[in-house]
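Visitor: I'm new to this structure and don't want the whole tour at once. Please pick one part and take me through it closely.

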Amino acid sequence: MANKYKKKRETKNKTKEWITDYYKTGREFDKENRQRREKEGRKEEKGLRKLNSFELTCIVIIALAVVGMIIKYFILGHGFWTTGI
């Protein structure tokens with residue numbers, strides 16, 4: 001019966017908080033940069049912007065994973081459902 005009156009601990013989704021914080025901070029930073037460029041009279045840059053080290057690392061990891069999957073499943077001939085070596 002003691003558990004009945006025990007206060008439940010709230011759970012937090014720290015990953016979601018981290019991703020949303022990263023997204024919001026990036027948007028604010030981009031907005032400030034755009035306003036500063038407009039005041040200086042420079043044109044808006046089009047295309048890909050320069051990536052920071054974290055974003056570049058994520059892209060490299062994803063690219064290596066895709067290459068690895070292509071090699072494993074298509075070049076070596078191991079299917080998805082067959083047991084390999």
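**A close look at one helix**

Guide: Let's start with R34, which is partly exposed, its relative accessible area being 33%. (Under 20% is buried, over 50% is exposed, and partly exposed lies in between, using a 1.4 Å probe and protein chains only.) Before going further, keep in mind that this is a predicted model, where local features need pLDDT of at least 70, side-chain atom pairs count only at pLDDT 80 or more, and totals for chains, interfaces and linings use all residues. Residues are numbered from 1 along each chain as its sequence is written, and side-chain values use heavy atoms, with hydrogens and water left out.

So who does R34 meet? The side chain of R34 joins that of D30 in a salt bridge, at 2.7 Å from N to O. (That takes a side-chain nitrogen of Lys or Arg within 4 Å of a carboxyl oxygen of Asp or Glu.) D30 is partly exposed too, with a relative accessible area of 32%. Both sit in helix α1, which covers residues 14-40, and because D30 and R34 are four residues apart there, about one helical turn separates them. (Helices are DSSP runs of H or I with at least four residues, strands are runs of E with at least two, and numbering goes from the N terminus.)

Now slide along α1 to another pair. R36 and E40 form a salt bridge as well, and their closest N and O atoms are 3.9 Å apart. The spacing story comes back: E40 and R36 are four residues apart in helix α1, so about one helical turn lies between them. R36 counts as partly exposed at 37% relative accessibility, and E40 is partly exposed with a relative accessible area of 47%.

I75 counts as exposed, because its relative accessibility is 63%. Just after α2 comes G77, which takes a positive phi of about 85°. As for the chain overall, buried residues make up 4% of its 85 residues.
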